[in-house]
Amino acid sequence: MLAAVMLERPRRNRASKWIRALARETELSADHLVWPVFVQEGPDSESPILSMPGISRYGIRTLVERVKEAFALGVRAVALFPKIDDSLKDPRGSVGTEPNNLLCMATRALKEALPELVVITDVALDPYSSDGHDGVVIEGRIDNDVTLPILAEMAVVQSRAGADIVAPSDMMDGRVQCIREALDSEGFTQVGICSYAVKYASAFYGPFRDALDSAPRGGDKKTYQMNPANVREALREAQLDVDEGADWLMVKPGLPYLDVIRAVREATTLPVAAYHVSGEFSMLKAAAERGMLDYDACLLESLLCMRRAGADIIFTYGAVDAARLLRQQR
Ligand code: PBG
């Protein structure tokens, strides 16, 4: 027997496409997406990354072409990561502070081709380090304070090359302030800092380390990246980076850490970024390749869920795919 009255019928707000659109709480648009890209030597080269289906490392000229296409589709920001030849790596990641290194050259080329493009450069030692760690390794330990001036110098050379935002992904203590002071003293007061404030020691970074051949040669990153078990610590890390002058706070990875994104969102007035990392992306691709799920739909849903959790900005390897799909949906 049907209940005589049912006052609450939530389905009424889902009755048609346009009613659903009116009642929608969260928007997803390409405006909020950052496309992480890998750059390599050999200006016209392209090397597919086996553990990241559909993603390649590009030489600078190829990269500029791909990014122009992305820009035309509505992706107006890239995060640049360089693949450095092993022969150039050393314990201090010296190449990272050279003004004409691959990352700086790519930054210049991109800003020249697309002045409005937002170029975000990675600040950490691992792509350049023979130890594969984000800081300098001294007697088996990652030395925080020896690393700080190197990070600051990296940020300065990247800014000189035209970076709009520098993004320390290293998790050394005190680096945001150190970078802010260095940038200001060199006159780069307008260059922003996207701090990887809340970065976990995650197994989901595996494919990224394949892409850059940057896996730690010894040990792991647990003495600087956070324990996945912790969320109060995330608030502490976030607050410190606010106090040190960060402009954006990042939580990384994304989808397995939605509670952390929410917690950081509620604790700060700064923009919060989420990084949909390589492993999250590759899981979708691998399952789709085996016919187990729909990559397009799962990608958009993943990004939407990070927005719902409180992310303003999302770094995703699927940025271009998402921008194309979002266009088709309009
Ligand atoms: C290293 C860095 C990593 C990522 C971005 N910067 C890997 C790591 O910390 O080992 C991971 C990105 C991804 O997995 O997509 N500074």
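**Entry 1: the ligand's space**

I began with the ligand, and the space it takes turns out to be the largest cavity. I count a molecule as sitting in a cavity or pocket if more than half of its atoms lie within 2 Å of its grid points. The search runs on a 1 Å grid over the protein atoms alone: a cavity is a set of points where a 1.4 Å probe fits but cannot get out, and a pocket is an open set with protein on both sides within 12 Å along at least five of seven lines. Lining residues have an atom within 4 Å of a point.

A note on the source: this is a predicted model, where local features need pLDDT of at least 70 and side-chain atom pairs count only at pLDDT 80 or more, while totals for chains, interfaces and linings use all residues. Residues are numbered from 1 along each chain as its sequence is written, and side-chain values use heavy atoms, with hydrogens and water left out.

**Entry 2: around the ligand**

Which residues are closest to the ligand? I find Arg209, Lys221, Lys252, Ser278 and Tyr317, out of 17 residues that surround the ligand (near means a heavy atom within 4 Å). This shell holds 8 nonpolar, 3 polar and 6 charged residues. For the classes, Ala, Val, Leu, Ile, Met, Phe, Trp, Tyr, Cys and Pro count as nonpolar, Asp, Glu, Lys and Arg as charged, and the others, Gly among them, as polar.

Next I looked up polar contacts, meaning pairs of N or O atoms within 3.5 Å. Asp126 places a polar side-chain atom 3.0 Å from a nitrogen atom of the ligand, and for Asp134 the distance from a polar side-chain atom to a ligand nitrogen is 3.0 Å. In Gln225, a side-chain N or O atom is 2.8 Å from an oxygen atom of the ligand. Taken alone, the ligand exposes 410 Å², and the protein buries 100% of that (areas by the Shrake-Rupley method with a 1.4 Å probe).

**Entry 3: the cavities**

How many cavities of 30 Å³ or more does the whole structure have? My search gives 2.

**Entry 4: the largest pocket**

I put the volume of the largest pocket at about 830 Å³. Of its 23 lining residues, Arg24, Glu27, Leu326, Gln329 and Arg330 lie nearest the centre. Helices H1 (17–23), H10 (295–309) and H11 (319–329) each give two or more residues to the lining, and H1 gives the most, with 5. By class, I get 9 nonpolar, 4 polar and 10 charged residues.

**Entry 5: backbone notes**

Most residues other than glycine have a negative phi, and most peptide bonds are trans. The bond from Lys252 to Pro253 is cis, with omega near -5°, and Pro253 is in the loop between strand S10 (248–252) and helix H8 (258–267). Glu139 has a positive phi, near 50°, in the loop between strands S6 (136–138) and S7 (141–143).

How values were computed. Polar contact = N/O pair within 3.5 Å; in protein donor to acceptor, adjacent residues only side chain to side chain. Points joined across faces, edges and corners; volume = space filled by probe spheres on them. Helix = DSSP H or I, 4+ residues; strand = E, 2+ residues; numbered from the N terminus.
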